[in-house]
Amino acid sequence: MKINTVNGQFSVLKLDSFDGVDLNKEFCFACKSDREYSLECRTDDAPERFIDKKDGFSAMRIDGALDFSLVGILADITSLLAKASVPVFAVSTYDTDYILVDSSNLPIALTALKNSGYEISID
């Protein structure tokens with residue numbers, strides 16, 4: 001299986017609403033639950049208003065569309081990264097999964113995945 005890095009730095013934000021957020025940006029993962037509004041986006045695209053914000057993430061994308069019947073892909077990747085002591089923030093879309101890691105941990109994460117048989121493509 002192939003994992004691609006995604007260019008740019010990413011941020012994870014907690015918001016009080018999505019008012020003023022440009023949801024048409026290339027990478028904009030927005031989630032609303034009964035407890036919060038959450039946004040993951042490129043740091044350059046982050047809104048100025050937020051409750052909390054964590055910067056300094058790099059993103060990796062599992063290549064290709066993942067069928068809903070597939071089992072354990074995200075679990076395998078996060079387990080490998082946990083064994084390498086790399087904390088993750090996972091985002092799932094309809095087609096695939098994205099893994100955000102602290103940018104300082106990206107080389108460790110890529111090495112751990114490559115050593116476990118994943119093909120790595122750096123954008």
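A polar contact is a pair of N or O atoms within 3.5 Å, where within protein one atom must be able to donate a hydrogen and the other to accept it, and where residues adjacent in sequence count only if both atoms are side-chain atoms. The model shown is predicted, so that local features need pLDDT of at least 70 and side-chain atom pairs count only at pLDDT 80 or more, while totals for chains, interfaces and linings use all residues. Residues are numbered from 1 along each chain as its sequence is written, and side-chain values use heavy atoms, with hydrogens and water left out.

**View 1. Polar contacts of asparagine 4 with aspartate 63 and serine 121.** The side chain of asparagine 4 is joined to that of aspartate 63 by a polar contact of 3.2 Å, and a polar contact of 3.4 Å links the side chains of asparagine 4 and serine 121. Asparagine 4, a residue of strand β1 (residues 2-15), has a relative accessible area of 8% and is therefore buried (under 20%; exposed is over 50%, partly exposed in between, with a 1.4 Å probe and protein chains only).

**View 2. The salt bridge between lysine 25 and aspartate 45.** In this salt bridge (a side-chain nitrogen of Lys or Arg within 4 Å of a carboxyl oxygen of Asp or Glu), the closest N and O atoms of lysine 25 and aspartate 45 are 3.9 Å apart. Lysine 25 is partly exposed at 36% relative accessibility, as is aspartate 45 at 29%.

**View 3. The salt bridge between lysine 53 and aspartate 55.** The closest N and O atoms of this pair lie 3.6 Å apart; lysine 53 is partly exposed, with a relative accessible area of 25%, and aspartate 55 is partly exposed at 43%.

Definitions and conventions. Helices (H or I, at least four residues) and strands (E, at least two) are DSSP runs, numbered from the N terminus.
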